[in-house]
Amino acid sequence: MEAYAVVETGGKQYMVKKGDWLDVELLDAEAGKKISLSRVLAVSDGKALTVGKPEVAGASVSAEVVKEFRGTKVIAFKKKRRKGYHKKIGHRQDLMRLKVEEIKAG
């Protein structure tokens with residue numbers, strides 16, 4: 001089995017492996033820069049799994065920022081039947097694409 005890690009960013013958890021592409025909520029970084037995701041909840045070297053309480057001490061995942069983009073439009077439609085009330089709201093989330101380069105077990 002391959003080495004992997006479970007990281008948390010933007011209130012969501014992602015299982016990542018080396019070379020994976022990851023779409024996360026917008027972070028403070030520019031395209032082409034390298035960032036480190038330090039909130040690692042679990043890490044595996046391919047043989048043994050280490051689960052943090054709540055984080056694994058010293059573990060980190062380094063990734064390169066590929067680009068910033070906007071996600072697909074999500075429609076929120078509210079309606080109350082027989083009252084003539086309806087409301088349509090659209091939303092597009094700002095996202096960032098990351099390429100995972102290295103997983104450090106700590």
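Me: Which residue in E6 does valine 43 stand opposite?

Reply: The model is predicted, with local features requiring pLDDT of at least 70 and side-chain atom pairs pLDDT 80 or more, while totals for chains, interfaces and linings use all residues. Residues are numbered from 1 along each chain as its sequence is written, and side-chain values use heavy atoms, without hydrogens and water. Strand E5 (residues 40–44) runs antiparallel to strand E6 (residues 49–51), joined by three bridges; strands are DSSP runs (E, at least two residues) numbered from the N terminus, and two of them pair if DSSP finds at least two bridges between them. In E6, the residue opposite valine 43 is threonine 50.

Me: Which residue takes a positive phi in the hairpin of E5 and E6?

Reply: Four residues lie between the strands of this hairpin. The positive phi, near 105°, belongs to glycine 46.

Me: Why is strand E5 largely enclosed by the rest of the structure?

Reply: Four bridges join E5 to strand E1 (residues 4–9) in the antiparallel sense, with valine 6 opposite alanine 42. Buried denotes under 20% relative accessible area (exposed over 50%, partly exposed in between; 1.4 Å probe, protein chains only). E5 is largely enclosed because the number of its five residues that are buried is five.
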